[in-house]
Amino acid sequence: MFAVTAVRTDAENPLSGLSLGEHPDPQVPEGWATVTVKAASLNHHDLWTLRGVGIQQERLPIILGCDAAGLDEKGNEVVVHAVIGDGADETLDPRRSLLSEIHDGTFAERVVVPRRNLVPKPASISFEQAACMPTAWLTAYKMLFDKAGVEPGSTILVQGAGGGVATALIALGRAGGYRIWATSRSEAKRDRALTLGADAVFETGARLPERVDAVMETVGQATWEHSLKSLRPGGRIVVSGATSGLAPSADLARVFFLQLSVVGSTMGNRDQLERLLRFCEQTGVRPTIDTVLPMTSATDGFALMEEGDVFGKIVFTL
């Protein structure tokens with residue numbers, strides 16, 4: 001079968017480790033299911049893997065990709081939940097992993113996952129849209145409706161308006177009744193954020209009209225100081241990533257003064273994925289897709305993500 005594989009890692013030139021071509025068909029353990037992939041979405045996790053972050057070298061070569069939608073063995077339309085683990089809530093398993101860390105991922109004609117990881121795909125959501133849900137959109141859903149701890153009507157600041165999680169936060173937040181403010185260095189991305197549903201947009205680092213109830217932080221080092229300055233006392237910063245760097249200043253004096261909560265662990269479970277799909281079905285909210293490419297052109301998608309000039313998700317189709 002055709003697959004997109006990481007054969008080596010290189011922090012400086014990650015795309016040099018990509019291999020596109022034939023790969024052995026997957027073996028199917030007892031209790032697992034085979035999904036014929038129709039669409040799969042690209043995440044920063046895939047690029048970090050090629051940089052050598054979060055992957056054990058003895059696991060290489062490994063098929064990349066966390067997210068997919070497709071058909072199970074009986075022809076049912078399904079979405080693949082990306083977290084592999086044991087127990088009623090797989091995200092609480094200390095040995096949990098994402099697809100493409102231990103087990104082959106979704107950038108292939110077929111992927112094998114535990115049968116419990118299959119979630120029915122609503123007919124009103126396309127394969128391309130559904131493929132965006134398991135990582136970026138599920139992360140945003142959990143950030144907003146589980147970890148943020150604020151009521152509808154509250155003001156939420158989304159840092160970095162162009163990424164997959166950030167665009168999901170804007171769309172879901174609007175549908176959920178929050179007042180959404182967003183930042184970006186790019187004027188074009190700020191304009192698109194308004195079209196997507198943001199109530200106001202600001203240049204990265206700009207002084208806000210008032211302090212916000214919660215900050216959704218996916219950027220990290222470049223925006224951390226602004227996130228702290230923008231939050232009201234007792235507010236909450238929810239962290240799901242750090243695309244600009246992992247070592248921001250702690251600024252503990254401000255943290256203690258604000259009595260804020262910094263919340264991580266935004267990985268969603270299978271049941272939350274099912275609720276997210278239902279929420280999107282009922283509200284009509286859909287992922288913003290920047291680019292759709294055939295999986296045979298996956299290198300082009302990785303290059304776009306590395307350049308950073310993306311608004312929404314990159315999706316591969318088969």
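Predicted model: local features only at pLDDT ≥ 70, side-chain atom pairs only at ≥ 80, totals over all residues.
1. Residues are numbered from 1 along each chain as its sequence is written, and side-chain values use heavy atoms, with hydrogens and water left out.

2. Start with helix α3 (residues 133-147) and helix α4 (residues 164-175), whose axes come within 8 Å and cross at roughly 50 degrees. Helices (H or I, at least four residues) and strands (E, at least two) are DSSP runs, numbered from the N terminus. Axes are lines fitted to C-alpha atoms, for helices over the stretch in contact, and angles run from 0 to 180 degrees between N-to-C directions. The pair α3 and α4 is therefore oblique; under 35 degrees counts as roughly parallel, over 145 as roughly antiparallel, 65 to 115 as roughly perpendicular and the rest as oblique.

3. Who touches whom here? In α3, the residues meeting α4 include Trp 137, Tyr 141 and Phe 145, and among their partners in α4 are Val 165, Leu 169 and Leu 172. Contact means heavy atoms within 4.5 Å. The contact of α3 with α4 has twelve nonpolar residues, three polar and no charged (Ala, Val, Leu, Ile, Met, Phe, Trp, Tyr, Cys and Pro count as nonpolar, Asp, Glu, Lys and Arg as charged, and the others, Gly among them, as polar).

4. Now look at α3 with helix α8 (residues 270-283): their axes come within 10 Å and cross at roughly 85 degrees. That makes α3 roughly perpendicular to α8. Lys 142 and Asp 146 of α3 are among the residues in this contact, as is Arg 275 of α8. The tally is eleven nonpolar, one polar and three charged.

5. Next, find the open sheet of three strands, ordered β2-β1-β4 with antiparallel pairing. Two strands pair if DSSP finds at least two bridges between them. At the edges sit β2 (18-22) and β4 (62-63), each pairing on one side only. Helix α9 (residues 298-307) packs on the sheet and touches β1 and β2.

6. How many salt bridges does a search of the whole structure find? There are eleven, counting a side-chain nitrogen of Lys or Arg within 4 Å of a carboxyl oxygen of Asp or Glu. One to look up joins Glu 73 and Arg 115 (3.3 Å, N to O). This pair links distant parts of the chain, 42 residues apart.
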